[in-house]
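Here's a quick tour of a protein model with more than one topic to look at. Have the 3D view open and follow along.

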Amino acid sequence: MVENRENRFMKYLRKDRLPHIFCAGCGNGIIMNTFFNGMELAEVDFDQVVMVSGIGCSSRIPGYVKCDSLHTTHGRPISFATGIKLANPENEVVVFTGDGDAAAIGGNHLIHGARRNINITVICINNNIYGMTGGQISPTSPQGSYGSTAPYGALERPFNLSEMVKAAGATYVARWTTAQPVQLSNAIKKALKNKGFSFIEVISQCPTYFGRKNRMRSPIEMLKWMKEESIVKRRADKLSAKELEGKIIVGEFQNKEEPEFSDKVCQLLEAQCTTGKPSSTRSAYEGD
Amino acid sequence: MVDFMITVDENLCKGCNICTEFCPRKVYQESGILNKKGVHVPVPENEDKCTQCQLCVMMCPDQAIKVDEKVDEKDDK
């Protein structure tokens, strides 16, 4: 009798495409595992999942998964995801995006997705550098880190993506690193269950570019760095900005309930079908 | 009949050795020999120490590791 000796996440993957193209020790594979685990915990129907991605290393993930997927233009996965969600609100739309995709070219789409509070889950894989194109400095590269476009260290201040999306109005925001897979899967579970815009920032390792340029050549060194430098938000709140320098603040940044966009659109359509006139839209110029 | 509990798929493993480092019980060990792909595939040397916490399954970026879920020993006979 031949026993099935495959990994337990293999049933979600396109086996003919494996092994995937990610470098040895890349964090994208860990994030795939934690997503499947979080999906199992949240009891989401895998047939309803639609994965959307833009351009970048992390955006190749949906290509390896046995579900409906869309590989879109650079920086625009959230716009495409909005369309998919509104076309069929039953879909569980998950966006896999990188830091260059979400914060640099697609920053505008990200904050407006959060502002609308549409029910999608965005998993932003933040490896602090442009990994696919050769190690250029990205908007989230820490100040002073090295890259091929910053041989003397990055001068600019990085984006704090989680705080930015929280300020833009997302209803679930969390940040974890790939060195904490259990907490990350729980965060993904909560994000999938949350009705509204959920944003998960995963600090991931890129040993090939970020590690090599910043004296952490192996994925193990990078994971150890993330484990040592991460500090839970509850504890970080009590510390001063000087003490937090160089630390990665992890934890839940936002968890609240607010009216959701696709629900509002459905209500509008329902009102139009029953009364012939959308009831909830009233012109701002109309007198009382 | 179960003669082994942990399998590492040689075709998928890229030899990053995250499992050797992050296993809390140090079950895996780096192998000294290269396989046909030029990869040092880790060997589950101390299998008896494994507590089936499944952390390596989650941490393996290449989905190469399979650790059996806990089963009753009576089922083997």
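Let's start with how chain B is held together along its sequence: among its contacts with a separation of 6 or more, 57% are between residues 24 or more positions apart. Keep in mind that this is a predicted model.

**Chain B on its own**

- Chain B contains 2 helices and 4 strands.
- If you walk along the sequence, those elements of chain B come in the pattern β-α-β-β-α-β.
- Chain B has 77 residues, and 38% of them count as buried.

**Where chain B touches chain A**

- The contact between the chains involves 18 residues of chain B and 24 residues of chain A.
- On the chain B side, the elements giving two or more residues are helix H1 (18-22), helix H2 (55-59) and strand E4 (65-67).
- H2(B) provides the largest share of that side, with 3 residues.
- Sort the chain B residues that touch chain A by type and you get 9 nonpolar, 5 polar and 4 charged.

**A buried strand in chain A**

- Now find strand E3 of chain A, residues 92-98: 7 of its 7 residues are buried, so the strand is largely enclosed by the rest of the structure.
- In a regular strand, side chains alternate between the two faces of the sheet.
- You can follow this in E3(A), where A:Glu92, A:Val94, A:Phe96 and A:Gly98 point one way, while A:Val93, A:Val95 and A:Thr97 point the other way. Both sets are buried.
- E3(A) runs parallel to strand E1 (residues 49-53) of chain A, and 5 bridges join the two. To spot this pairing, look for A:Val50, which stands opposite A:Val93 in E3(A).
- E3(A) is also joined by 5 bridges to strand E4 (residues 121-126) of chain A, and these two run parallel as well. Here A:Val94 has A:Thr121 in E4(A) as its bridge partner.

**Two helices that cross in chain A**

- How do the axes of helix H4 (residues 107-116) and helix H5 (residues 161-168) of chain A cross? They come within 8 Å and cross at roughly 45°, and H4(A) and H5(A) are therefore oblique to each other.
- From H4(A), the residues at the meeting point are A:Leu110, A:Ile111, A:Ala114 and A:Arg115. They meet A:Met164, A:Val165 and A:Ala168 in H5(A).
- By type, the residues in this contact of H4(A) with H5(A) split into 6 nonpolar, no polar and 1 charged.

Conventions. Residues numbered from 1 in each chain as written. Chains lettered and ligands numbered in written order. Predicted model: local features only at pLDDT ≥ 70, side-chain atom pairs only at ≥ 80, totals over all residues. Contact = placed C-beta atoms within 7 Å. Nonpolar A, V, L, I, M, F, W, Y, C, P; charged D, E, K, R; others polar. Axes fitted to C-alpha atoms, helices over the stretch in contact; angles between N-to-C directions. Parallel < 35°, antiparallel > 145°, perpendicular 65-115°, else oblique. Buried ≥ 20, exposed ≤ 12 C-beta atoms within 10 Å, placed from the backbone. Pairing = 2+ DSSP bridges.
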